[in-house]
Amino acid sequence: MTTGTPPVIVWFQADLRLGDNPALYDAAETGQPILPVFVHENDPADRWAPGGASRWWLHHSLEALAANLRHRGLPLVLRRGDCRRVIPAIATEVGATTVVWNRRAEGHLRPRDTEILRALQAAGVEARVHDGNSLYPLGAVRPGSGECYRVFSPFWRACMREPEPSRPLPVPGHMVTPVAVPPGEALSDWAFLPRRPDWSGGLEATWVPGETGAHEQLRNFLEERLAEYRFMRDRPDLDQTSRLSPHLSWGEISPRQIWHAVRHSQVEAASSQFNGHGEAFLRQLGWREFCRNMAYSYADLPTVPLNRRFDVFPWIDNAVALRAWQQGRTGYPIVDAGMRQLWEVGWMHNRVRMIVGSFLVKHLLLPWQQGEAWFWDTLVDADLANNAVGWQWVTGCGTDAAPYVRVFNPILQGTKFDPDGSYVRRYVPELAKVPSEFIHEPWRMPPLDLAGAGVCLGKSYPHPIIGHEEGRRRALSAFNTSKNEARTGTYS
DNA sequence: TGAAATGTTGGGGCG
DNA sequence: ACGCCCCAACATTTC
């Protein structure tokens, strides 16, 4: 613990927190000085490098992490480059005995971990990998036969048969400051914040990235919104969800912390009998857990349909339609409201994600990977596993696909989940004066009323890019054709 | 006034 | 994490 003691390196990745951080906790337990490191890969060839909104978040989250570490006397060393090279190099450079980190769920990163483990071993440096970002260790909950549950319900039942997830670890009480800190880069050099144009205003106004912000958000959710969660969670207009997803995606808070906070919250405790709100919310955490296990087992989940029948599918190549979808100009108010909310605040209510997703792949017949890529770039909570599973689910090419082709009706979904249209009015202001009766299908309005609401279809707001009936029929025929062709062996 | 026609709502079957 | 169709039940309009 003096000048001579060699440090332990904590390699921070998607776990930018001090609490319930098994790698950091492990490092503190050694009693050696701790050297926290974050590596920015900066690889232009990496398709899954953080997108624009995610980089904005990462900038602020790293700032917050650095401040938290500084309060406890620790630095945060920023390095750039291929971590297969950078991590072993810095370990040697500072004479570290040990490198610790928390496992990532992305299957395509697993070979990378193996390589780094080997390189460290070859350099005589010990490495320990922990499970810190899921309720149960990745791959631990699996079917009796097989690698990984591919359907959510049995997966979640199996989780519920497990003992409760372990209690979150505290912030280490004592962490030893390293005497010498190796050089690192400045966060500002990484240029994670948008310039020219700076589109981050809506994000700044909405989010407080960082571990403290995450716990504040959790506390606020438990106190203000959990009590209504089960009934309100599907209502984008009421906005009663936890909004913890972006905090989770960079690991500012852990699922185990959330789990136990919910289990011990007043809402759960006060109900002598089971009220279901906590359970409904934890089930959402279950979806995240499910996605991570899928991504862990199937490395190419983000690009390859799980159901091989979709290897051949008559997707349409239409840049104009894709652009209209991205910019919220499809002519379907609920779809456009969702896409504009995404653009404005970097986030979209999950119900609406399903609606806009279904619209892209079913009504527009655009490949799901194009929607996935747009979400990846614009969501502050972009998470490879959740994104991939979500898009495969809505496409119906994940294995949990229903035995029928699921086509969301954007009008029905709108009237059901945004009954008076306030969500639409908030994000599609040109429809603000449309009465609730027509808010989800303005084309049905009598021309005089349209004029009265200040709407000129085709000018101030677009006509539907495709009729619902026509789109539905076209989708059913495309999806059924591909099914039949696969069955009869036309394509293998 | 009442029967028939027409409109509306909700549950079950099915893809 | 579903939509459509059908039909029954009920409500309203019509002559």
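Biologist: Hi! Which residues of H2 are buried?
Modeller: In H2, the buried ones are Ala-53, Ser-54, Trp-56, Trp-57, Leu-58, His-60, Ser-61, Leu-62, Ala-64 and Leu-65. A residue is buried if 20 or more other C-beta atoms, placed from the backbone, lie within 10 Å of its own, exposed if 12 or fewer, and partly exposed in between.

Biologist: Before we go on, what sort of model is this, and how is it numbered?
Modeller: It is a predicted model, where local features need pLDDT of at least 70 and side-chain atom pairs count only at pLDDT 80 or more, while totals for chains, interfaces and linings use all residues. Residues are numbered from 1 along each chain as its sequence is written, and chains are lettered from A and ligands numbered from 1 in the order in which they are written.

Biologist: Back to H2, then. What covers its buried residues?
Modeller: The cover includes strands S1 (8-12) and S2 (34-40), along with helices H6 (201-206), H7 (211-224), H9 (245-249) and H16 (368-378). Helices (H or I, at least four residues) and strands (E, at least two) are DSSP runs, numbered from the N terminus.

Biologist: How many residues does H2 have, and what comes after it?
Modeller: H2 (residues 52-71) has 20 residues and reaches 29 Å from its first C-alpha to its last, close to the 28 Å expected at 1.5 Å a residue. That expected span is 1.5 Å times one less than the number of residues. H2 is followed by Gly-73, which has a positive phi near 80°.

Biologist: New topic: which residues have the most contacts inside the largest nonpolar core?
Modeller: Those are Ile-9, Val-10, Ile-34, Val-37, Val-99 and Ala-295, in a core of 127 residues. Helix H12 (residues 277-297) gives the largest share of this core, eight residues. A nonpolar core here is a set of buried Ala, Val, Leu, Ile, Met, Phe, Trp, Tyr and Cys residues joined through C-beta atoms within 7 Å.

Biologist: And what is Val-99 in contact with?
Modeller: Leaving aside neighbours within four places in sequence, Val-99 is in contact with Ile-9, Trp-11, Ile-87, Ala-91, Leu-120, Val-125 and Ala-127. Two residues are in contact if their C-beta atoms, placed from the backbone, lie within 7 Å.

Biologist: What surrounds DNA strand C?
Modeller: Among the residues around DNA strand C are Trp-287, Trp-393, Arg-406, Phe-408, Asn-409 and Arg-472. A residue is near the strand if its C-beta atom, placed from the backbone, lies within 6 Å of it. Helices H17 (384-395) and H18 (410-417) each supply at least two residues of this surface.

Biologist: Is Arg-196 buried or exposed?
Modeller: Arg-196 is exposed, because it has 5 other C-beta atoms within 10 Å.

Biologist: And why does Asp-20 count as buried?
Modeller: Asp-20 counts as buried because it has 24 C-beta neighbours inside 10 Å. Asp-20 lies in the loop between S1 and helix H1 (22-30), and has a positive phi of about 40° although it is not a glycine.
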